[in-house]
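Here is a short tour to read with the model open beside you.

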Amino acid sequence: MLNLPRELGTSVDLLVEEFEAGWKPEVGDSSSYSRKLVEFCSSEALIKLCQNIEERICNGSYSRFTYDMMLAWEKPTAVDEESQTESIAKEKEDRKIPEKVPPEQDDIPLFYSDLMPLLVNDKPSVEEDAFVWLGSLVPLVADIVNGRFTFETLTAPTGNRLFFPAYDKFLKEIDNCMKHLQKQAKPKGVELADDEFILHVEGTASTQRVMRHIGGTSWPGRLTLTNYALYFEASGVITYEDALMIDLSRNIDHSVKPAATGPWGASLFDKAIIYESPELPEGVVLEFPEITSSTRRNHWLALTKEVLLMRKFLSEFKMECPIQAWEMHARTILSIIRLHAAREMLRISPPDPTKFLIFALYDELPKGDYVLEQLSESLKRVNSGQPCSASSILRKMNLSETIVSSLEAKRVTEESKAIAGSEDDNKTSLETAINQARKEEREVVNAKAEIEGLKEEGISENALVLMELLKPFKRVFPWFREIFSWDRPTTTLMVIAIVTLIVYKEWVGKAISTGLLLLVGKMIRARQERLKDKQKEIVVCTASDQTATMRENIVAAQYGFMTIREIIQETNVTILKLHSILVSRAHKHADMVMLVLTGLAILLAVVPFKYLIITAVFHSMIMTSKLGKYIRNNQGDRRLKEWWGSIPPTPVRIVDEAPACPK
């Protein structure tokens, strides 16, 4: 940060004086002054730095300067810097790692090389918060909306620490991707809009093939994606034919999803996407041939969905102002360019595309719709005319001169020197929503990981698991059989008397309330007895001769058993999730269930049950009518699905030895 005064053409004293003139001390925060000073100086420097950002990236000064900014923000005081130096020195001494590294780092895959530990262990590095802070100032290497997910993906092999060689290479790859996209030819027979930008191209002589399937025939060609549409140009004898335009910008009920293709229309190879629209008699099928994986298909699917979801976002939140709409376009374009750059860096193991995109990410995450609501509010306060906004960056990188200039001519507000993403109440709300979505995502990922382990078992194992889970219910059936068959007349008469009394006195609600409270009591007792620790898993014995018979049945009726397998798997998952709640393995979910059950018990105890039945009938009739469909709110269903998806099921261990089977 010693270069800041020279970069700004001023002195340290003048910078400090200007900062202190507008600084308001925060009580109880001794490090606030240092960090706020770093933020103020960095904001001033970035405004100047972004004026010629393309040149500064090429000569490496931008990456070095901004990386030092992140280091200074992370350790703003002298005490912090000394502690970091001591930590690095101690680590270096303990591990006996040489300080100098070989110069071959530019010729190897950075994140997946044997030299990576030698390159990063004894070098200064930055953490997630500093990376996201820089993204809030300049949305080039990261966007504040998905910066934390981008950081996690980039730094997964390096212990969630970003080192300068990685940061510098990432910036240069971003610059290379921008220049590469600028060189791409426009689709034949199509006039692109002024604010239409090419985002990805494949199917050319230097890239991999793209095929369009029409019935049983296949046509190779070039596929181009822009922030408005998909363009497919079938290959001719010498050149390409006129492009088929798939308009993604229209506000209609269209969609894109994965598809399978094969010879004569057979669905054998899961490497295609299909675009469906009510205006088309049949979907447009585009295949991305690969030998093994479906990485290319998934990449194109994510990019196409990102454009569709961006258009849906602009329409849903009524972004009618062209400046705000183009700023969102610019941020989406930069997110796609970052994804291209990351794929170039991580060639051996391509990253998950959604971690670098905005709308595709939050379309999948729990509470993602809340984040998008906060994003729409923050977008209304962004000054897209200042040098560090997304639209200004595209202009400085020579990508969108025309559209940005025409928009700026319409501006009536004075250009502010504030950096994009400056701290305000809306930014705090946005960060809170993002953190909540990340927290919920981790719970869902953990639960899904255990579910996938259950789904990997065959039909026989799943059938045995289901039988084991249904054992407690089997014990109840003989009791009911004894009552209905009058094997125990005294018990039968007692049950008849109790049921008659409840119905006559209208105590149905109180009886159900008692049952629910007994269930809550059982859950509390299970928590007190720590059953989740005593029963960490459910053991299922497979020592049976019936397994071979089931396998023979699978061969005889494959498709029928596939359906049965899926039903059994889902049933097992449901029961195991309920078991997890019952023994408080999912503590937060168990608390919520007990709270809901208690509230429901109180409601049923207080309100006459007949009125609840009437209310339920009226509610069901209204919700199935046209009025109900109009007033229906899908957020409730989404919240319930997200809550259910985040419940981790109780693990199941299958043993095949009779002595090890539970009694």
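## The largest pocket

The largest pocket holds about 940 Å³ of space. A pocket here is an open set of points on a 1 Å grid over the protein atoms alone, where a 1.4 Å probe fits and protein lies on both sides within 12 Å along at least five of seven lines; lining residues have an atom within 4 Å of a point. Grid points are joined across faces, edges and corners, and the volume is the space filled by probe spheres set on them. This is a predicted model, in which local features need pLDDT of at least 70 and side-chain atom pairs count only at pLDDT 80 or more, while totals for chains, interfaces and linings use all residues. Residues are numbered from 1 along each chain as its sequence is written, and side-chain values use heavy atoms, leaving out hydrogens and water.

Which residues lie nearest the centre of this pocket? They are L469, P472, Q535, I538 and H579, out of 23 lining residues. Two or more lining residues come from each of α18 (459-469), α19 (471-474), α22 (508-528), β11 (538-541) and α25 (558-582), and α25 gives the most, with 4 residues. Helices (H or I, at least four residues) and strands (E, at least two) are DSSP runs, numbered from the N terminus. By type, the lining has 13 nonpolar, 2 polar and 8 charged residues; Ala, Val, Leu, Ile, Met, Phe, Trp, Tyr, Cys and Pro count as nonpolar, Asp, Glu, Lys and Arg as charged, and the others, Gly among them, as polar.

## The whole chain

The protein has 29 helices and 12 strands. Of its 663 residues, 44% count as buried, where buried means under 20% relative accessible area, exposed over 50% and partly exposed in between (1.4 Å probe, protein chains only). Among contacts (heavy atoms within 4.5 Å) with a separation of 6 or more, 70% join residues 24 or more positions apart.

## Nonpolar cores

In soluble globular proteins, nonpolar side chains tend to be buried together. A nonpolar core is a set of buried Ala, Val, Leu, Ile, Met, Phe, Trp, Tyr and Cys residues joined through side-chain atoms within 4.5 Å. The largest has 77 residues, and Y62, V138, L140, V141, Y167 and F170 touch the most other members. Helix α12 (residues 322-345) supplies the largest share of this core, 10 residues.

Leaving aside neighbours within four places in sequence, V138 is in contact with L46, C50, Y62, C388 and I393. A second, separate core of 23 residues includes I144, V145, F359 and A433.

## A covered helix

Helix α9 (residues 147-154) is mostly covered, with 7 of its 8 residues buried. Those buried residues are G147, R148, F149, T150, F151, T153 and L154.

Not counting residues up to four places away in sequence, R639 touches K367, D369 and Y370.

K123 sits in the loop between α7 (116-120) and β1 (125-126) and is partly exposed, at 32% relative accessible area. E18, in helix α2 (residues 12-22), is partly exposed at 47%.
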